[in-house]
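Here's a quick briefing on what packs together and what pairs up in this protein. Have a look at the structure first, then read on.

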Amino acid sequence: MFATAGKRLLKPKVFLGVSSITILGGSILYFNAKTKKSPLADYTNLSPVKTLESVAVKEVSTPSRETLLDKLSSTPQFDVLIIGGGATGTGCAVDAATRGLNVALVEKADFASGTSSKSTKMAHGGVRYLEKAFLEFSKDQLDLVVEALNERAHLINTAPHLCKILPILIPVYTYWQIPYFYAGCKFYDLFAGSQNLKSSYLLSKSSAAELAPMLDSSKLTAGLVYHDGSFNDSRLNSTLAITAISKGATVLNYMQVQQLIKDEKDIVKGAIVKDVETNKIYEVMAKTTVNATGPYSDHILQMDNNKNGLPDIDSSNYHSDDITQQIAVKNPKMVVPSSGVHIILPSFYCPKNVGLLDVRTSDGRVMFFLPWQGKVLAGTTDIPLKQVPETPTATEADIQDILKELQHYIKFPVKRDDVLSAWAGIRPLVKDPRIIENEGGKTEGLVRSHFIFTSPSNLITIAGGKWTTYREMAEETVNEVVKVGNFKDINPCSTRKLKLIGAEHWNPNLEALLAQKYNLSSKMAQHLADNYGTRAPLICESFKQNNINQLPVTLATNFQILSEKAPSSNSNEVDTVADIHIIENNEINPFDSFRYPFTIGELKYSIQHEYTRTALDFLLRRTRFAFLDARQALNAVDGTVKIMGDELKWDDKRRSKEIEDTKRYIKTFGV
């Protein structure tokens, strides 16, 4: 959830209208803050014509996977090969492509299949680390907070459909804490400078209880509200991937690096890559290579340390039928992994539009309870690990730990049965692998922020950091790429002002415009507007083309087409009307199937335009179905596989295996 501050290997920066911030002797802090206009885009003066542009149907040309594979094999040498398709890797691809570099990116699984889909979904500076900066007189920690506050506003600007401002309430239970927390929130606003989202404010006991009626008001003395960002992590990740492709990058999921290619001087010149779907081998040559594999960085570093470019024997992928016991990296040298667990609860555990922050749990951690996608996201734990697991999972003890903390504040019973989903992600704290652990067991060179270094082989590694600062991490990484590759006449970084796919011509009334134009329910219009932005009309057009595309994906195996015909001449809502019969299924309640807005049309769109290759890609990452309700997502597996099998021409064997693998994975989500 948080990345704490510490020594950075790159020059720290202080931004944003805070013209002077100094810590002398660890005891003196002074500043001169400038007041500037809001950092957020102004949508108040949009003309009616500009407003309607957000729902205009635009022709989209998305290169197929086969086209991208042909490009990968036919390109003699790329400027940069990026290994890893998480937040950092795809961020680097967007940055490098917009600078004019010829970019290839390969990801061994799906975009955001690891840590990048399992975050706390917050774009934040870290209020806890601002407190630590003062208590420990740490300029490094303060730099980290200011850096993240700067990038927080960028996230909301670059993808306003995916990232929203979220007020967060801090319940206060003792009178002495009121001035303490109030001062902390005001400093949080202050250090955001011109990038501050909204001002924090104090609430009386009665106002706090009214805002959050689920809290035990008998213990309250007041409440404080500050503002951070909330976002959909995996959808932002896949949006970065397709944005990079739209800028000319060759970006491919399910491509596993088998070996680094080295020349006679031991310089990395590319990689041997295997297409996981076909087992075909590709030799990808590149002038520079970036290791952006997050918790799995040590696996690529092992290849780098070996002259033949191969990983250490038995360094990963311990064979086990139990996916929860498989190891991705044994005894990592750079990554210091820990497990962060989150759970999803029904919406009544938190105010609809305001999060809750527990600043003092029983073991000293920070705990968030946040409204997200119509549910409540609660977490997180912080459990140190010795190995990097292939599939980290939430244990029952982890789930109970979060529920126990929640019960301290909620006045109705907190029930285990209310847990809709639970998962674990790896938080990759990193240390400099060039610094050896000393004899006392303490490790020097622990890096709390992101960390970039170039090995003697010219392999560039970027690790650590957090989602909020992905853009700056990418910018600094590509700066290093330009330096190592000695590239000339390259465009400057432009990602600070770049609008990602779905954000072009976006405006805050998109939900209403979609509902009006396509006769959608408010729930469906909000879902499409918040997840696809100005790409949503493409999905709505599929609803018009055939009303079957409007059906929940759960029912894809539970209907029978009785007849199909063109609508009456006075109807312009659909092109084809299918008369269908819902087939009874004791395992699936048709009413429950309409509880979530994930449709056959959305699935087809994700296959055609977002490189969905497995059922898990759709149920976990293009939508958040399994994260929001694992039990209901299990009921959608058969329907998802049917549609994908029809679209991608899977045989019966592939369909059966897909159903088995998908259900086995989703069952690790606390159900």
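Is Asp646 buried, exposed or partly exposed? With a relative accessible area of 37%, Asp646 is partly exposed (buried means under 20% relative accessible area, exposed over 50%, and partly exposed in between, using a 1.4 Å probe and protein chains only).

Bear in mind that this is a predicted model: local features need pLDDT of at least 70, side-chain atom pairs count only at pLDDT 80 or more, and totals for chains, interfaces and linings use all residues. Residues are numbered from 1 along each chain as its sequence is written, and side-chain values use heavy atoms, with hydrogens and water left out.

**Nonpolar cores**

- In soluble globular proteins, nonpolar side chains tend to be buried together.
- The largest nonpolar core here has 74 residues, and Ile82, Val103 and Leu236 touch the most other members (such a core is a set of buried Ala, Val, Leu, Ile, Met, Phe, Trp, Tyr and Cys residues joined through side-chain atoms within 4.5 Å).
- This core draws at least three residues from each of domain 1 (65-117 + 235-329 + 449-497) and domain 2 (154-230 + 336-430), with bounds that come from an automatic or database domain assignment.
- Leaving aside neighbours within four places in sequence, Ile82 is in contact (heavy atoms within 4.5 Å) with residues including Val103, Leu105, Val290 and Ala292.
- Another core, of 36 residues, lies apart from it, with Leu377, Ala556, Ala630 and Val637 among its members.

**Salt bridges across the chain**

- Searching the whole structure turns up 28 salt bridges, each a side-chain nitrogen of Lys or Arg within 4 Å of a carboxyl oxygen of Asp or Glu.
- One of them pairs Asp79 with Lys287 at 3.5 Å, N to O.
- Asp79 sits in strand E3 (residues 78-83) and Lys287 in strand E12 (residues 281-291), so this pair ties together parts 208 residues apart in sequence; helices (H or I, at least four residues) and strands (E, at least two) are DSSP runs, numbered from the N terminus.
- Asp79 counts as buried at 14% relative accessibility, while Lys287 counts as partly exposed at 41%.
- Asp304 and Lys262 also meet in a salt bridge (3.9 Å, N to O), linking helix H9 (residues 297-305) to strand E10 (residues 255-262), 42 residues apart.
- Both Asp304 and Lys262 are buried.

**Back to Asp646**

- Asp646 forms a salt bridge with Lys642, their closest N and O atoms being 3.2 Å apart.
- Both lie in helix H20 (residues 637-648), 4 residues apart, about one turn of the helix.
- Lys642 is partly exposed, at 33% relative accessible area.
- Elsewhere, salt bridges that share partners join Arg65, Asp275, Glu277 and Arg613 into one network.
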